[in-house]
Structures are given as structure tokens and as C-alpha cells.
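Grab a pencil and work through these exercises with the structure open beside you. Try each task before you read its solution.

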Amino acid sequence: MNKIIRVAIYIRVSTDEQAKHGYSIDSQTQRLKSYAKEKGYKIYKIYADEGKSARSNISARKELLNLLNDVRQHKVDRIIFWRLDRWFRNIQDYYKV
């Protein structure tokens, strides 16, 4: 029997410049929804931190905190994001999370 994999989509945009180059919230959402559909994943929820730098303190990224709380509660099996720099830029934070 195939287990349904529940995924959380995490999106982050920090500047208008990113929106100009295809990093917009809508662009990331569409790409990640297509990816999830292609893989047969069930999207649990989309978490979007708009106007937040990956270099900022984790506590400033409210949707990331919500996502991590849902992970702790076993609501999702995997997290998907468009590029690694949308997740973290600081390797210490990456390993901490």
C-alpha cells in the first residue's frame, strides 16, 4: 500500500528584485505545487514569509516558525522549497533547524 506523503511548501521572498527574477510568491507557489503534483504528494499547507531575509533571526520569520511547529506535531512528512537559499543562507541555522 502506498503511503500518502504530506508536504509543507515553504516560500520566502525578501525583495522586489527577487520578484523581478522569478522568485515571487506566486512563481514559487506554482512551481512547488506542480512539483508536488508530479511526485504525488499531498500539500498540507503553504507557508510564505514575504519580505523576510534568510539572514534575519529565525524568530522574525513567523511562517517558518508555524511550519516548524507543525513538523513537531507530525502534521507533515516533508518540506519542499524552490531553492536552498529560500530556506536558509546561514549554515548554522540550517543545521540547527
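## Exercise 1: Building the sheet

Keep in mind that you are looking at a predicted model.

**Task.** Work out how many bridges join S1 to S2, and which way these two strands run.

**Solution.** Start with the pair itself: S1 and S2 run parallel, and 8 bridges join them. For one example, look at arginine 12, which stands opposite aspartate 49 in S2.

Next, turn to S3. S1 pairs with S3 over 3 bridges, again in the parallel sense. Here alanine 8 sits opposite isoleucine 79, and isoleucine 9 has isoleucine 80 as its bridge partner.

Now put the pieces together. The 3 strands make an open sheet, in the order S2-S1-S3. S2 and S3 (78-80) are the edge strands, each pairing on one side only. On average, neighbouring strands in this sheet are turned by 25 degrees against each other, ignoring direction.

## Exercise 2: The whole chain

H2 lies across S1, S2 and S3 and runs at about 160 degrees to S1. H3 (residues 62-72) lies across S1, S2 and S3 as well, running at about 150 degrees to S2.

The protein has 97 residues, and 34% of them count as buried. Among contacts with a separation of 6 or more, 67% link residues 24 or more positions apart.

## Exercise 3: Checking a helix

**Task.** What span should helix H2 have, and what is the distance between its end C-alpha atoms?

**Solution.** Helix H2 covers residues 25-39, which is 15 residues. At 1.5 Å a residue, the helix should span 21 Å. If you expected a bigger number, note that the expected span is 1.5 Å times one less than the number of residues. The end C-alpha atoms are 21 Å apart, so the model agrees with the expectation.

Which residues of H2 are buried? They are Ile25, Ser27, Gln28, Thr29, Leu32 and Ala36.

What follows the helix? That's glycine 40, with a positive phi near 80 degrees. Glycine 40 belongs to the loop between H2 and S2 (42-50). Its relative accessibility is 53%, so glycine 40 counts as exposed, the cut-off being over 50%. Also, glycine 40 and arginine 6 are 34 residues apart in sequence, yet their C-alpha atoms are 9.6 Å apart in space.

## Exercise 4: Inside the protein

**Task.** List the residues of the largest nonpolar core, then find the strand that gives the most to this core.

**Solution.** The core has 9 residues: Val7, Ile9, Ile11, Val13, Ile25, Leu32, Ala36, Tyr41 and Ile80. Sort them by element: S1 (6-13) and H2 each supply at least two. S1 gives the most, with 4 residues. A second, separate core holds 8 residues, including Tyr10, Ile58, Leu64 and Leu68.

How covered is S1 overall? Of its 8 residues, 7 are buried, leaving the strand mostly covered. Zoom in on valine 7: leaving out residues up to four places away in sequence, its contacts include Ala36, Tyr41, Ile43, Val76 and Ile80.

Definitions and conventions. Residues are numbered from 1 along each chain as its sequence is written. This is a predicted model: local features need pLDDT of at least 70, side-chain atom pairs count only at pLDDT 80 or more; totals for chains, interfaces and linings use all residues. Side-chain values use heavy atoms; hydrogens and water are left out. Buried means under 20% relative accessible area, exposed over 50%, partly exposed in between (1.4 Å probe, protein chains only). A nonpolar core is a set of buried Ala, Val, Leu, Ile, Met, Phe, Trp, Tyr and Cys residues joined through side-chain atoms within 4.5 Å. Contact means heavy atoms within 4.5 Å. Two strands pair if DSSP finds at least two bridges between them. Axes are lines fitted to C-alpha atoms, for helices over the stretch in contact, and angles run from 0 to 180 degrees between N-to-C directions.
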